[in-house]
Amino acid sequence: MSAEITAACQSSNPLSCSVDELRTLFLFEKLTADQLQWLCERGHVELIEPGPVYAEGAPATCFYVLLEGTVVMSRRVGTDDIETGRTSSRGVYSGAFMAYLGNRVPQVYNNSLRVTEPSRFFVLDASVFAELMHDWFPMAVHLLEGLFYGNKKTQEAIGQRERLLALGSLSAGLTHELNNPAAAAVRATSSLRERVAGMRHKLGMIAGGRWDRTTLETLIRLQEEAAERVPKAQALSPMEASDREDVITDWLDDHSVRDGWDMAPTFVAAGLDVAWLDHVSVTVDQAMLESALRWLNYTVETELLMNEIEDSTTRISTLVGAAKQYSQLDRAPYQIVDVHELLDSTLMMLSGKIPPGIEIVKDYYPGLPRIPAYAGELNQVWTNLIDNAVSAMNGSGVLTVRTGMDREQVYVDFCDTGPGVPPEIKNRIFEPFFTTKPVGEGTGLGLDISWRIVVNKHHGDLSLVSSPGDTRFRVRLPITAQDDAEES
């Protein structure tokens, strides 16, 4: 440790250190008289008045052992300090107790400490505590290092495994979602090729016929009118479409058009009705009515097929765009983001995994401000929370994604109508490796990873309110950048 850090643990008015008093503390009760004397010589006793002792995130310079008084420990969650412990037990310790790991871990206080009454501490400089651990307990240090790094690597490995499982599941869903419009585009292209061939044949018949210029111009005008109607056609229910097809078929039969039932569905899909057919009938010569209608039928079919191809390719493009937005592969890790865009891309990526019995409701706050964030990691949070909600509803229910403002933070709620989280496990759901899913279906790290991304990396908050039929996970995120954001 540097002289500057060492000086940080010096007291302007140190109290006398008693070997006999140190011996009464559980932390030092097994030490020899020489070791206790060593501690007194290198440490000091300090009386601290009510108020803060150290703050979370500050350089960890001192190791504190309570001799007398009351301490309160807290952790920062978002913009709030949450009390995690309060005790008057002699011998409790806090501060730089990970100094023995050296620079391999960030040497900062991982909580805040304050006293509520004048309290006496035995205080060691962090470098002295590290020396003590390595010289007196080398085997214990090795065991602790192995436990610390082993647990960290295990958690990272399982976390990576969970991300890979999620990616595999999303990839399968995306493949399925892409396959449908791609197959539709292929089918429509094949049908379009047939219709274009038919139109060329009809065009040859027209060219070889006795139609004069005026008739051809009339036919072309009707063709343009029919094409203009196609984009304006309204979607019909199967019953409505069937009823209109029957009416069109009857009209075609009455006008001696062969196989009218075959053309009726095309005319109905294009929004062409009996009034339009009457218009065609009075516009062209009756001897050419059937030929004209078949020519118009090819025109309408061609327009419908091109629309289908356009819709399919647009869907593919949208899915690819959603995947690009979700993965954030071509963007900076930390950026100003639109929360609604991130939510939409995640919902689209997960659409293949959401059963048809689950209704998705988006209740977005208009004008929600853009925020600084790690976009790809927030998408991982959305994925975990949506996946949990879908699993809880077991195939049917309502998933509501709601956004809003809460003072200087935006919030995102994920609400489901499932059975709720049992009260006895509410306090455990954010614990690493805790899961209520069957063996093999969950690692128990989804909510832990989400909590660390939201709280540690974004200085936000992740909370749960649950009752049967109404479970809500709320994510709060600051709208301004946090300079001291930690890695998750």
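I began at the hairpin of S14 and S15, which has two residues between its strands; Gly 469 in the turn shows a positive phi of about 85°. Strands here are DSSP runs (E, at least two residues) and helices likewise (H or I, at least four), numbered from the N terminus.

I noted that the model is predicted, that local features need pLDDT of at least 70 and side-chain atom pairs pLDDT 80 or more, and that totals for chains, interfaces and linings use all residues. Residues are numbered from 1 along each chain as its sequence is written, and side-chain values use heavy atoms, with hydrogens and water left out.

**Entry: the hairpin strands**

I looked up the pairing of S14 with strand S15 (residues 470-478) and found it antiparallel, over seven bridges. Two strands count as paired if DSSP finds at least two bridges between them. I then followed individual partners: Ser 467 is bridged to Asp 470 in S15, and Ser 466 stands opposite Thr 471 in S15.

**Entry: the sheet**

I traced an open sheet of five strands in the order S10-S12-S13-S15-S14, with mixed pairing. Which strands stand at the edges? They are S10 (358-363) and S14 (461-467); each has a single partner strand, so one side of each is left without a neighbour in the sheet. Neighbouring strands are turned by 15° against each other on average, direction ignored.

**Entry: helices on the sheet**

I found helix H11 (residues 339-350) packed on the sheet, where H11 touches S10, strand S12 (397-406) and strand S13 (409-416). The direction of H11 makes about 165° with that of S12. Contact means heavy atoms within 4.5 Å. Angles run from 0 to 180 degrees between N-to-C directions, and axes are lines fitted to C-alpha atoms, for helices over the stretch in contact.

Helix H12 (residues 375-393) lies across S10, S12, S13, S14 and S15 and runs at about 25° to S13.

**Entry: H11 against H12**

I checked how the two helices meet: their axes come within 10 Å and cross at roughly 50°. H11 and H12 are therefore oblique to each other; angles under 35 degrees count as roughly parallel, over 145 as roughly antiparallel, 65 to 115 as roughly perpendicular and the rest as oblique. The crossing is right-handed, meaning that the near helix is turned clockwise from the far one by less than a right angle.

I listed the residues in contact, including Leu 343 and Leu 347 in H11 and Trp 382 and Ile 386 in H12. The residues of this contact divide into nine nonpolar, four polar and no charged. Ala, Val, Leu, Ile, Met, Phe, Trp, Tyr, Cys and Pro count as nonpolar, Asp, Glu, Lys and Arg as charged, and the others, Gly among them, as polar.

Most residues other than glycine have a negative phi. I found a positive phi near 55° at Arg 407, in the loop between S12 and S13. Is Arg 407 buried or exposed? Arg 407 is exposed, with a relative accessible area of 71%; buried means under 20%, exposed over 50% and partly exposed in between, with a 1.4 Å probe and protein chains only.

Asp 259 has a positive phi near 50° and is found in the loop between helix H7 (238-254) and helix H8 (260-269). At 46% relative accessibility, Asp 259 counts as partly exposed.

**Entry: Gly 57**

I placed Gly 57 in the loop between strand S2 (51-54) and strand S3 (62-68); Gly 57 is partly exposed, at 41% relative accessibility. Leaving aside neighbours within four places in sequence, Gly 57 is in contact with Val 108 and Tyr 109.
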